[in-house]
Amino acid sequence: MKLQRKNMLRASALGALVVSGALVLTACGSDDNTKTGDGATKAAAPAGDIKCDGAKGKLLASGSSAQKNAVDLWVKNYMAACSGVEVNYKSSSSGEGIVAFNQGTVGFAGSDSALKPEQVEESKKICTGGQGIDLPMVGGPIALGFNIAGVDKLNLDAPTIANIFNDKIKKWDDEAIKKLNPGVTLPSTAIQHFHRSEDSGTTENLGKYLKATAGDAWPYEAAKKWPAPGGLGASGSSGVATQVKQVDGAIGYFELSYASAQNIKTVDLNTGAAAPVKATGENASKAIAAAKIAGTGSDLALKLDYTTKAEGAYPIVLVTYEVVCDKGNKAETLPTVKSFLNYTASDAGQKILLENGYAPIPAEINAKVREVINSLS
(Lines give C-alpha, C1' and ligand atoms only; values in the text may rest on other atoms or scores of the structure.)
Protein backbone atom coordinates (compact mmCIF):
# COMPACT_ATOMS: atom_id res chain seq x y z
CA MET A 1 0.00 0.00 0.00
CA LYS A 2 2.88 2.35 0.90
CA LEU A 3 4.59 1.55 -2.38
CA GLN A 4 1.41 2.24 -4.33
CA ARG A 5 0.97 5.61 -2.57
CA LYS A 6 4.62 6.50 -3.23
CA ASN A 7 4.27 5.75 -6.93
CA MET A 8 1.07 7.79 -7.13
CA LEU A 9 2.76 10.81 -5.56
CA ARG A 10 5.77 10.46 -7.83
CA ALA A 11 3.63 10.21 -10.97
CA SER A 12 1.75 13.35 -9.93
CA ALA A 13 4.98 15.29 -9.43
CA LEU A 14 6.30 14.28 -12.82
CA GLY A 15 3.08 14.80 -14.72
CA ALA A 16 3.96 18.33 -15.80
CA LEU A 17 7.06 17.01 -17.52
CA VAL A 18 5.29 14.62 -19.82
CA VAL A 19 3.03 16.28 -22.36
CA SER A 20 1.91 13.09 -24.03
CA GLY A 21 0.17 11.59 -21.02
CA ALA A 22 0.62 9.44 -17.97
CA LEU A 23 4.04 8.04 -17.17
CA VAL A 24 4.49 4.53 -15.85
CA LEU A 25 7.59 4.40 -13.67
CA THR A 26 9.37 1.07 -13.61
CA ALA A 27 12.65 -0.32 -12.37
CA CYS A 28 15.78 0.20 -14.43
CA GLY A 29 15.71 -2.27 -17.29
CA SER A 30 11.93 -2.55 -17.58
CA ASP A 31 10.25 -2.97 -20.95
CA ASP A 32 6.75 -2.02 -19.82
CA ASN A 33 4.50 0.02 -22.07
CA THR A 34 3.24 3.54 -21.36
CA LYS A 35 -0.09 5.18 -22.07
CA THR A 36 -0.28 8.20 -24.33
CA GLY A 37 -2.70 11.07 -23.83
CA ASP A 38 -5.26 9.65 -26.25
CA GLY A 39 -5.36 6.34 -24.39
CA ALA A 40 -3.30 4.43 -26.93
CA THR A 41 -0.44 2.27 -25.74
CA LYS A 42 3.04 3.37 -26.82
CA ALA A 43 5.96 1.03 -26.20
CA ALA A 44 8.73 2.35 -23.99
CA ALA A 45 12.32 2.13 -25.19
CA PRO A 46 13.78 -1.40 -24.99
CA ALA A 47 15.59 -1.95 -21.70
CA GLY A 48 18.91 -2.60 -23.38
CA ASP A 49 18.93 0.89 -24.91
CA ILE A 50 18.91 2.72 -21.58
CA LYS A 51 21.73 2.23 -19.09
CA CYS A 52 20.97 3.96 -15.80
CA ASP A 53 24.63 3.69 -14.70
CA GLY A 54 24.36 5.26 -11.26
CA ALA A 55 21.88 7.95 -12.30
CA LYS A 56 19.89 9.30 -9.38
CA GLY A 57 17.93 12.25 -8.07
CA LYS A 58 16.84 15.28 -10.07
CA LEU A 59 18.53 16.63 -13.21
CA LEU A 60 17.53 20.13 -14.33
CA ALA A 61 18.12 21.29 -17.91
CA SER A 62 16.76 24.08 -20.08
CA GLY A 63 17.05 25.86 -23.40
CA SER A 64 16.03 25.32 -27.01
CA SER A 65 12.31 24.98 -27.67
CA ALA A 66 13.11 23.48 -31.08
CA GLN A 67 14.07 20.17 -29.48
CA LYS A 68 11.25 20.16 -26.91
CA ASN A 69 9.13 17.50 -28.60
CA ALA A 70 12.11 15.17 -28.91
CA VAL A 71 13.22 15.78 -25.32
CA ASP A 72 9.71 15.08 -24.04
CA LEU A 73 9.87 11.61 -25.60
CA TRP A 74 13.41 10.97 -24.39
CA VAL A 75 12.52 12.00 -20.84
CA LYS A 76 9.42 9.83 -20.86
CA ASN A 77 11.33 6.71 -21.93
CA TYR A 78 14.32 7.41 -19.72
CA MET A 79 12.38 7.98 -16.50
CA ALA A 80 10.27 4.92 -17.19
CA ALA A 81 13.48 2.86 -17.28
CA CYS A 82 15.43 4.52 -14.46
CA SER A 83 13.53 4.44 -11.18
CA GLY A 84 14.35 7.23 -8.77
CA VAL A 85 15.52 9.64 -11.47
CA GLU A 86 13.72 12.84 -12.46
CA VAL A 87 14.77 14.78 -15.58
CA ASN A 88 13.18 18.21 -15.89
CA TYR A 89 13.82 20.05 -19.16
CA LYS A 90 12.46 23.60 -19.26
CA SER A 91 11.72 24.58 -22.84
CA SER A 92 12.49 28.29 -23.16
CA SER A 93 15.05 29.47 -25.70
CA SER A 94 18.67 28.79 -26.60
CA GLY A 95 19.73 32.12 -25.13
CA GLU A 96 18.02 31.46 -21.82
CA GLY A 97 19.48 27.95 -21.71
CA ILE A 98 23.05 29.21 -22.10
CA VAL A 99 22.49 31.84 -19.39
CA ALA A 100 21.18 29.15 -17.02
CA PHE A 101 24.13 26.89 -17.84
CA ASN A 102 26.69 29.60 -17.19
CA GLN A 103 24.95 30.44 -13.93
CA GLY A 104 25.34 26.82 -12.85
CA THR A 105 21.62 26.19 -12.34
CA VAL A 106 21.27 23.35 -14.89
CA GLY A 107 23.19 20.17 -15.64
CA PHE A 108 23.08 20.83 -19.36
CA ALA A 109 21.55 23.32 -21.77
CA GLY A 110 20.00 22.95 -25.22
CA SER A 111 21.12 25.48 -27.82
CA ASP A 112 20.38 25.74 -31.53
CA SER A 113 23.70 27.47 -32.12
CA ALA A 114 27.17 26.70 -30.85
CA LEU A 115 28.72 28.54 -27.92
CA LYS A 116 30.40 31.80 -28.77
CA PRO A 117 33.97 32.44 -27.51
CA GLU A 118 32.79 34.78 -24.77
CA GLN A 119 30.24 32.20 -23.60
CA VAL A 120 32.94 29.53 -23.47
CA GLU A 121 35.11 31.86 -21.40
CA GLU A 122 32.24 32.53 -19.01
CA SER A 123 31.56 28.80 -18.66
CA LYS A 124 35.01 28.26 -17.13
CA LYS A 125 33.70 29.79 -13.90
CA ILE A 126 31.19 26.93 -13.63
CA CYS A 127 33.17 24.10 -15.26
CA THR A 128 35.99 23.83 -12.72
CA GLY A 129 39.14 22.96 -14.63
CA GLY A 130 37.23 22.71 -17.89
CA GLN A 131 34.81 24.59 -20.13
CA GLY A 132 31.47 24.34 -21.88
CA ILE A 133 31.37 22.24 -25.04
CA ASP A 134 28.79 21.60 -27.78
CA LEU A 135 27.45 18.09 -28.43
CA PRO A 136 25.23 17.91 -31.57
CA MET A 137 22.22 15.82 -30.62
CA VAL A 138 19.13 16.86 -32.63
CA GLY A 139 18.89 17.87 -36.27
CA GLY A 140 15.88 19.12 -38.10
CA PRO A 141 14.38 21.40 -40.70
CA ILE A 142 13.25 24.89 -39.86
CA ALA A 143 9.86 24.82 -41.51
CA LEU A 144 8.20 27.91 -42.94
CA GLY A 145 4.59 27.42 -41.99
CA PHE A 146 1.86 29.32 -43.82
CA ASN A 147 -1.87 29.86 -43.54
CA ILE A 148 -3.44 31.23 -46.74
CA ALA A 149 -7.12 30.49 -47.29
CA GLY A 150 -7.55 28.36 -50.42
CA VAL A 151 -3.80 27.68 -50.87
CA ASP A 152 -2.52 24.20 -50.03
CA LYS A 153 0.90 24.30 -51.69
CA LEU A 154 3.44 27.11 -51.79
CA ASN A 155 6.93 27.34 -53.32
CA LEU A 156 9.37 30.06 -52.25
CA ASP A 157 13.06 30.79 -52.78
CA ALA A 158 15.57 32.53 -50.52
CA PRO A 159 15.29 36.09 -51.92
CA THR A 160 11.49 35.96 -51.79
CA ILE A 161 11.50 34.64 -48.23
CA ALA A 162 13.91 37.42 -47.28
CA ASN A 163 11.72 40.10 -48.85
CA ILE A 164 8.64 38.73 -47.06
CA PHE A 165 10.31 38.79 -43.64
CA ASN A 166 12.05 42.07 -44.49
CA ASP A 167 8.63 43.67 -45.00
CA LYS A 168 9.26 44.35 -48.71
CA ILE A 169 6.67 41.90 -50.13
CA LYS A 170 3.34 42.70 -48.50
CA LYS A 171 0.63 40.68 -50.33
CA TRP A 172 0.39 37.03 -51.29
CA ASP A 173 -0.37 37.79 -54.95
CA ASP A 174 2.93 39.68 -55.36
CA GLU A 175 4.51 39.00 -58.77
CA ALA A 176 7.62 37.43 -57.21
CA ILE A 177 5.48 34.83 -55.41
CA LYS A 178 3.23 34.23 -58.43
CA LYS A 179 6.29 33.54 -60.61
CA LEU A 180 7.36 30.74 -58.25
CA ASN A 181 3.85 29.24 -58.16
CA PRO A 182 2.51 28.92 -61.72
CA GLY A 183 -1.05 27.65 -61.84
CA VAL A 184 -1.75 28.54 -58.22
CA THR A 185 -4.46 31.11 -57.49
CA LEU A 186 -2.96 33.42 -54.89
CA PRO A 187 -5.23 35.87 -53.05
CA SER A 188 -4.43 39.54 -52.46
CA THR A 189 -4.46 38.84 -48.71
CA ALA A 190 -2.00 40.91 -46.71
CA ILE A 191 1.02 38.97 -45.48
CA GLN A 192 1.42 38.80 -41.73
CA HIS A 193 4.84 37.44 -40.81
CA PHE A 194 5.66 36.20 -37.35
CA HIS A 195 9.06 35.81 -35.70
CA ARG A 196 10.42 34.82 -32.31
CA SER A 197 10.14 37.59 -29.74
CA GLU A 198 13.00 36.33 -27.56
CA ASP A 199 16.61 35.43 -28.41
CA SER A 200 16.44 32.21 -30.38
CA GLY A 201 18.82 29.78 -32.03
CA THR A 202 16.08 29.06 -34.56
CA THR A 203 16.12 32.72 -35.55
CA GLU A 204 19.91 32.65 -35.83
CA ASN A 205 19.91 29.57 -38.07
CA LEU A 206 17.24 31.03 -40.37
CA GLY A 207 19.38 34.16 -40.50
CA LYS A 208 22.46 32.14 -41.48
CA TYR A 209 20.52 30.56 -44.33
CA LEU A 210 19.18 33.89 -45.61
CA LYS A 211 22.55 35.62 -45.26
CA ALA A 212 24.20 32.84 -47.29
CA THR A 213 21.57 32.56 -50.03
CA ALA A 214 19.36 35.67 -50.33
CA GLY A 215 21.99 38.17 -51.43
CA ASP A 216 21.17 41.85 -50.94
CA ALA A 217 17.60 40.99 -49.94
CA TRP A 218 18.87 40.04 -46.47
CA PRO A 219 21.48 42.59 -45.28
CA TYR A 220 21.46 41.47 -41.64
CA GLU A 221 24.07 39.45 -39.79
CA ALA A 222 22.76 36.23 -38.27
CA ALA A 223 21.91 36.65 -34.60
CA LYS A 224 19.61 35.19 -31.98
CA LYS A 225 17.66 38.45 -31.82
CA TRP A 226 15.27 39.08 -34.72
CA PRO A 227 16.87 41.82 -36.86
CA ALA A 228 14.33 42.88 -39.49
CA PRO A 229 11.61 45.55 -39.34
CA GLY A 230 7.90 44.82 -39.25
CA GLY A 231 6.18 41.61 -38.42
CA LEU A 232 4.94 40.43 -35.03
CA GLY A 233 6.82 38.55 -32.34
CA ALA A 234 5.63 35.48 -30.46
CA SER A 235 7.21 33.51 -27.65
CA GLY A 236 8.83 30.19 -28.50
CA SER A 237 8.34 27.97 -31.52
CA SER A 238 4.96 26.98 -30.12
CA GLY A 239 3.88 30.63 -29.93
CA VAL A 240 4.85 31.36 -33.53
CA ALA A 241 3.12 28.18 -34.73
CA THR A 242 -0.06 29.08 -32.84
CA GLN A 243 -0.17 32.52 -34.46
CA VAL A 244 0.30 31.08 -37.94
CA LYS A 245 -2.44 28.54 -37.29
CA GLN A 246 -4.90 31.24 -36.22
CA VAL A 247 -4.22 34.09 -38.66
CA ASP A 248 -5.22 34.05 -42.32
CA GLY A 249 -2.34 35.33 -44.45
CA ALA A 250 0.27 34.33 -41.88
CA ILE A 251 3.75 32.89 -42.32
CA GLY A 252 6.30 32.03 -39.63
CA TYR A 253 9.23 29.75 -38.91
CA PHE A 254 9.57 26.92 -36.40
CA GLU A 255 10.85 23.39 -36.08
CA LEU A 256 8.90 20.93 -38.23
CA SER A 257 7.31 19.00 -35.36
CA TYR A 258 5.33 22.12 -34.41
CA ALA A 259 3.86 22.23 -37.91
CA SER A 260 3.03 18.53 -37.76
CA ALA A 261 1.39 18.86 -34.34
CA GLN A 262 -0.97 21.62 -35.52
CA ASN A 263 -1.45 20.48 -39.14
CA ILE A 264 0.15 23.63 -40.49
CA LYS A 265 1.10 23.62 -44.18
CA THR A 266 4.78 24.25 -44.92
CA VAL A 267 6.65 25.93 -47.76
CA ASP A 268 8.53 23.88 -50.37
CA LEU A 269 11.94 25.43 -50.93
CA ASN A 270 13.29 26.34 -54.36
CA THR A 271 17.04 25.75 -53.84
CA GLY A 272 18.10 25.54 -57.49
CA ALA A 273 17.70 21.76 -57.52
CA ALA A 274 15.54 20.12 -60.18
CA ALA A 275 12.42 20.36 -57.99
CA PRO A 276 11.40 22.33 -54.88
CA VAL A 277 12.34 20.52 -51.68
CA LYS A 278 9.89 19.69 -48.91
CA ALA A 279 10.68 20.24 -45.24
CA THR A 280 11.07 16.69 -43.92
CA GLY A 281 13.42 15.01 -41.48
CA GLU A 282 14.87 12.88 -44.27
CA ASN A 283 15.54 15.91 -46.48
CA ALA A 284 17.12 17.78 -43.58
CA SER A 285 19.38 14.78 -42.94
CA LYS A 286 20.64 15.03 -46.52
CA ALA A 287 21.75 18.60 -45.82
CA ILE A 288 23.21 17.87 -42.38
CA ALA A 289 25.21 14.93 -43.77
CA ALA A 290 27.47 17.44 -45.51
CA ALA A 291 28.30 19.22 -42.22
CA LYS A 292 31.88 19.39 -40.99
CA ILE A 293 33.09 19.48 -37.39
CA ALA A 294 34.34 23.01 -36.75
CA GLY A 295 34.98 22.68 -33.00
CA THR A 296 38.29 21.63 -31.47
CA GLY A 297 39.09 19.07 -28.81
CA SER A 298 35.93 17.76 -27.20
CA ASP A 299 33.83 20.50 -28.75
CA LEU A 300 31.83 19.13 -31.70
CA ALA A 301 30.27 22.30 -33.11
CA LEU A 302 29.33 21.83 -36.78
CA LYS A 303 29.63 23.98 -39.88
CA LEU A 304 26.56 23.57 -42.10
CA ASP A 305 26.31 24.19 -45.84
CA TYR A 306 23.26 26.39 -46.32
CA THR A 307 23.90 26.86 -50.04
CA THR A 308 23.60 23.22 -51.09
CA LYS A 309 21.64 22.50 -54.28
CA ALA A 310 21.79 18.73 -53.88
CA GLU A 311 18.63 16.96 -54.97
CA GLY A 312 16.25 16.48 -52.06
CA ALA A 313 18.44 18.37 -49.56
CA TYR A 314 16.49 20.86 -47.42
CA PRO A 315 19.06 23.45 -46.29
CA ILE A 316 17.12 25.53 -43.75
CA VAL A 317 18.24 23.31 -40.93
CA LEU A 318 19.34 23.65 -37.38
CA VAL A 319 21.35 21.41 -35.12
CA THR A 320 20.55 21.55 -31.43
CA TYR A 321 23.53 21.06 -29.18
CA GLU A 322 23.47 19.80 -25.63
CA VAL A 323 25.93 22.08 -23.83
CA VAL A 324 27.88 20.45 -21.00
CA CYS A 325 31.17 20.88 -19.14
CA ASP A 326 33.95 18.71 -20.53
CA LYS A 327 35.46 18.73 -17.02
CA GLY A 328 34.16 20.06 -13.74
CA ASN A 329 30.58 18.80 -13.94
CA LYS A 330 28.82 18.67 -10.57
CA ALA A 331 29.44 15.32 -8.90
CA GLU A 332 25.80 14.92 -7.86
CA THR A 333 24.46 15.21 -11.42
CA LEU A 334 27.34 13.91 -13.59
CA PRO A 335 26.19 10.24 -13.60
CA THR A 336 22.68 11.29 -14.66
CA VAL A 337 23.96 13.70 -17.32
CA LYS A 338 26.12 10.96 -18.86
CA SER A 339 23.42 8.30 -18.58
CA PHE A 340 20.69 10.45 -20.09
CA LEU A 341 22.84 11.82 -22.93
CA ASN A 342 24.14 8.34 -23.71
CA TYR A 343 20.53 7.33 -24.26
CA THR A 344 19.71 10.35 -26.45
CA ALA A 345 22.79 9.62 -28.59
CA SER A 346 22.03 5.88 -28.80
CA ASP A 347 20.58 4.22 -31.90
CA ALA A 348 17.20 4.05 -30.17
CA GLY A 349 17.34 7.69 -29.07
CA GLN A 350 18.25 8.89 -32.54
CA LYS A 351 15.58 6.71 -34.15
CA ILE A 352 12.97 8.64 -32.16
CA LEU A 353 14.06 11.78 -34.02
CA LEU A 354 13.27 10.48 -37.49
CA GLU A 355 9.94 9.11 -36.31
CA ASN A 356 8.90 12.55 -35.05
CA GLY A 357 9.89 14.98 -37.80
CA TYR A 358 13.48 15.57 -36.70
CA ALA A 359 16.75 14.53 -38.35
CA PRO A 360 19.21 12.17 -36.66
CA ILE A 361 22.82 13.27 -36.34
CA PRO A 362 24.93 11.54 -39.06
CA ALA A 363 26.43 8.29 -37.76
CA GLU A 364 30.07 9.34 -38.13
CA ILE A 365 29.53 12.50 -36.08
CA ASN A 366 27.29 10.72 -33.57
CA ALA A 367 30.02 8.16 -32.88
CA LYS A 368 32.26 11.01 -31.74
CA VAL A 369 29.43 12.43 -29.61
CA ARG A 370 29.21 9.14 -27.72
CA GLU A 371 32.97 9.12 -27.13
CA VAL A 372 32.87 12.60 -25.67
CA ILE A 373 29.88 11.81 -23.42
CA ASN A 374 31.76 8.87 -21.92
CA SER A 375 34.78 11.11 -21.27
CA LEU A 376 32.87 13.77 -19.32
CA SER A 377 34.17 14.28 -15.80
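## Starting at Arg370

Arg370 is partly exposed, with 29% relative accessibility (buried is under 20% relative accessible area, exposed is over 50% and partly exposed is in between, using a 1.4 Å probe and protein chains only). This is a predicted model, where local features need pLDDT of at least 70, side-chain atom pairs count only at pLDDT 80 or more, and totals for chains, interfaces and linings use all residues. Residues are numbered from 1 along each chain as its sequence is written, and side-chain values use heavy atoms, with hydrogens and water left out.

Arg370 pairs up with Asp347 in a salt bridge, and their closest N and O atoms are 2.8 Å apart (a salt bridge is a side-chain nitrogen of Lys or Arg within 4 Å of a carboxyl oxygen of Asp or Glu). That pair links distant parts of the chain, 23 residues apart: Asp347 sits in helix H12 (residues 347–355) and Arg370 in helix H13 (residues 363–375). Helices here are DSSP runs of H or I with at least four residues, numbered from the N terminus. Asp347 itself is exposed, at 61% relative accessibility.

## Within helix H12

Glu355 and Lys351 also make a salt bridge, at 4.0 Å from N to O. Both belong to helix H12, four residues apart, or about one turn of the helix. Glu355 is exposed at 52% relative accessible area, and Lys351 is exposed too, at 53%.

## The wider count

Across the whole structure, a search turns up 12 salt bridges. Among them is the one between Lys170 and Asp167, at 3.7 Å from N to O. Asp167 is partly exposed, with 27% relative accessibility.

Key
Helices (H or I, at least four residues) and strands (E, at least two) are DSSP runs, numbered from the N terminus.
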